[in-house]
Amino acid sequence: MQNAVRTTIRIRKDLLDQSRLLAIKRGTNLQEVINSTLAKGFGHISDLYSQKQAMAKIDKFRQGLEDKNINLQKLLERSRKNLK
């Protein structure tokens, strides 16, 4: 079992009501629903941060290619030769 901390936070009434209904539907307690919802939210935030980092790397790569003269036809020909 994970370590738990007893805390007092303010939750909007409509969100608390939805959480209670979900807990009843799942047959679990309110604490589990709130903990799992928070965990999913933090996972989503982490995913967005990872995507932001990946996009920054792609943008940096594109900026590095701006000054270079790349012939697309030659690149495609080489790629086709490698596939054969």
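Q: How many residues apart are Asp17 and Lys13 in helix 1 (residues 13-26), and what does that spacing amount to?

A: In this predicted model, Asp17 and Lys13 are four residues apart in helix 1, so about one helical turn separates them.

Q: What can bring such side chains together as a pair?

A: Side chains of opposite charge can pair when their charged atoms come close. Here, Asp17 and Lys13 form a salt bridge, with 3.2 Å between the closest N and O atoms. Lys13 is exposed, because its relative accessible area is 62%, whereas Asp17, at 29%, counts as partly exposed.

Q: How many salt bridges does a search of the whole structure find?

A: The search finds three. One of them joins Arg12 to Asp14, whose closest N and O atoms lie 3.1 Å apart. Arg12 is exposed, with 53% relative accessible area, while Asp14 is partly exposed, at 38%.

Q: Which residues make the nonpolar surface patch?

A: Ile70, Leu72, Leu75 and Leu76 make the patch, which covers about 360 Å². Leu76 belongs to helix 3 (residues 72-83). Its relative accessibility is 36%, so Leu76 counts as partly exposed.

How values were computed
Residues are numbered from 1 along each chain as its sequence is written. This is a predicted model: local features need pLDDT of at least 70, side-chain atom pairs count only at pLDDT 80 or more; totals for chains, interfaces and linings use all residues. Side-chain values use heavy atoms; hydrogens and water are left out. Patches are made of residues with over 30% relative accessible area and no salt bridge: like charges are joined within 9 Å, nonpolar side chains (Val, Leu, Ile, Met, Phe, Trp, Tyr) within 5 Å. Accessible areas come from the Shrake-Rupley method with a 1.4 Å probe; for residues, only the protein chains shown count as cover. A salt bridge is a side-chain nitrogen of Lys or Arg within 4 Å of a carboxyl oxygen of Asp or Glu. Helices (H or I, at least four residues) and strands (E, at least two) are DSSP runs, numbered from the N terminus. Buried means under 20% relative accessible area, exposed over 50%, partly exposed in between (1.4 Å probe, protein chains only).
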